[in-house]
Amino acid sequence: MKFVFSESQKRHDPTFFLSSGAQRPNPEVPRRADVLRQAALGLGLVEVAPDNAGLAPVAAVHTPEYIQFIRRIHERWMRIEGASAEVIPNVHPDRRNGSYPASAVGQAGYHMADTSCPISAQTFDAALASAHTAYHAAQLVLGGEPAAYALCRPPGHHAFADLAGGFCYFNNAGVAAQALRARHDRVAILDVDLHHGNGTQGMFYGRRDVLTVSIHADPVRFYPFFWGHADERGEGEGLGYNLNLPLVRKTDDDGFLAALESGLERIAAFAPGALVIALGLDAFEGDPFGGLSVTTLGFARIARRIGALKLPTAIVQEGGYICDELGANLASFLGAV
């Protein structure tokens with residue numbers, strides 16, 4: 001298997017985020033990429049660098065208004081007297097259909113869902129490189145590779161078409177799925193991250209050509225709180241094309257695999273031509289976020305079961321944070337695909 005990685009992704013290096021009102025070190029750091037890259041190399045995977053595909057891959061799934069915001073906001077923010085070194089919003093609208101503010105502060109609140117997606121001078125380039133990584137993996141699959149791994153960082157599944165959030169800026173899984181649509185009438189996205197892929201869900205919620213399935217910790221008391229509940233099934237033409245499988249906290253391997261069976265049954269009924277796996281390793285029992293209790297061996301079981309679908313597959317890295325087993329968890333999954 002080939003894996004795609006760009007060193008440019010490491011240029012995004014946020015210093016902190018706000019959690020429960022407190023300033024904490026940001027866990028989405030460049031060292032995550034180093035650990036995951038070494039694990040992929042240790043498996044014997046062949047590393048390739050992504051081509052520079054420009055803005056087209058992100059413009060296919062994100063609004064031009066949002067792309068312009070991500071590209072320019074830090075420069076504008078620095079003109080504000082006394083502003084923070086990184087863009088972090090302090091006001092949010094109570095609706096999305098009102099007036100669009102001209103102020104950098106107002107636009108930050110409009111386009112950033114929370115305080116865990118700070119934007120620095122390097123964020124746009126790193127996020128675009130991450131999207132190019134996912135796009136390149138999809139192109140490898142379109143070129144005949146049975147599977148390809150996109151080592152994306154920063155991650156993407158909390159990013160909506162016009163909204164950053166949860167360490168995410170461009171939706172890498174969405175970029176890969178849209179790229180695969182060039183050849184396949186139907187593409188499925190299976191998200192196995194600890195947190196619900198709310199941005200991915202929102203991006204495709206009204207569409208019937210991309211099925212979204214997410215297995216995650218129940219958001220009733222867990223991020224992202226407002227999305228990821230079992231009654232969210234899609235809307236309009238997309239009604240019935242979204243499946244959420246929330247799990248109680250500390251669900252173990254067997255419980256996760258039981259939910260996975262339900263998700264795979266839905267994917268089989270959709271009969272997609274290709275699959276995108278939004279691979280979060282933060283469902284691990286020892287991950288710093290501590291929501292679920294999947295073991296290192298459990299990731300191999302999950303991968304084997306998904307692999308039984310025998311679909312052309314782009315594997316897109318999402319969460320999974322620094323712990324002693326992070327690299328081993330990736331190796332366990334990729335080694336079993």
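Helix α6 (172-180) is largely enclosed by the rest of the structure, because 8 of its 9 residues are buried, a class that takes in relative accessible areas under 20%, with exposed meaning over 50% and partly exposed the range in between (1.4 Å probe, protein chains only). The buried positions of α6 are Asn-172, Ala-173, Gly-174, Val-175, Ala-176, Ala-177, Ala-179 and Leu-180. Helices (H or I, at least four residues) and strands (E, at least two) are DSSP runs numbered from the N terminus. The model is predicted, so that local features need pLDDT of at least 70 and side-chain atom pairs count only at pLDDT 80 or more, while totals for chains, interfaces and linings use all residues. Residues are numbered from 1 along each chain as its sequence is written, and side-chain values use heavy atoms, with hydrogens and water left out.

The loop between β5 (147-150) and α6 contains Arg-153. Arg-153 counts as buried because its relative accessibility is 1%. Its side chain reaches the backbone oxygen of His-12 at 2.7 Å. The side chains of Arg-153 and Glu-28 are joined by a polar contact of 2.9 Å; such a contact is a pair of N or O atoms within 3.5 Å, where, within protein, one must be able to donate a hydrogen and the other to accept it, and residues adjacent in sequence count only if both atoms are side-chain atoms. With neighbours within four places in sequence left aside, Arg-153 is in contact with residues including Gln-9, Lys-10, Pro-14, Val-29, Ala-126 and Ser-130, contact being heavy atoms within 4.5 Å. Pro-30, Arg-32 and Ala-33 are also among the contacts of Arg-153, and these residues are among the buried residues of α1.

Helix α1 (residues 30-42) has 13 residues and spans 19 Å from its first C-alpha to its last, close to the expected 18 Å, where the expected span is 1.5 Å times one less than the number of residues. Leu-36, Ala-39 and Ala-40 are also among its buried residues. The buried residues of α1 pack against β1 (2-4), β5, β10 (313-317) and α10 (326-334). Just after α1, Gly-44 takes a positive phi of about 90°.

Gly-144 is in the loop between α5 (123-142) and β5, and is exposed, with a relative accessible area of 58%. Gly-144 and Tyr-66 are 78 residues apart in sequence and 33 Å apart in space, C-alpha to C-alpha.

Grid points are joined across faces, edges and corners, and a volume is the space filled by probe spheres set on the points. The largest pocket has a volume of about 840 Å³. Of its 39 lining residues, Asp-114, Ser-116, Tyr-223, Pro-224 and Phe-225 are the closest to its centre. By class, the lining has 19 nonpolar, 11 polar and 9 charged residues, with Ala, Val, Leu, Ile, Met, Phe, Trp, Tyr, Cys and Pro counted as nonpolar, Asp, Glu, Lys and Arg as charged, and the others, Gly among them, as polar.

The structure holds 1 cavity of 30 Å³ or more.

Key. 1 Å grid on protein atoms, 1.4 Å probe; cavity = no way out; pocket = protein on both sides within 12 Å on 5 of 7 lines; lining within 4 Å.
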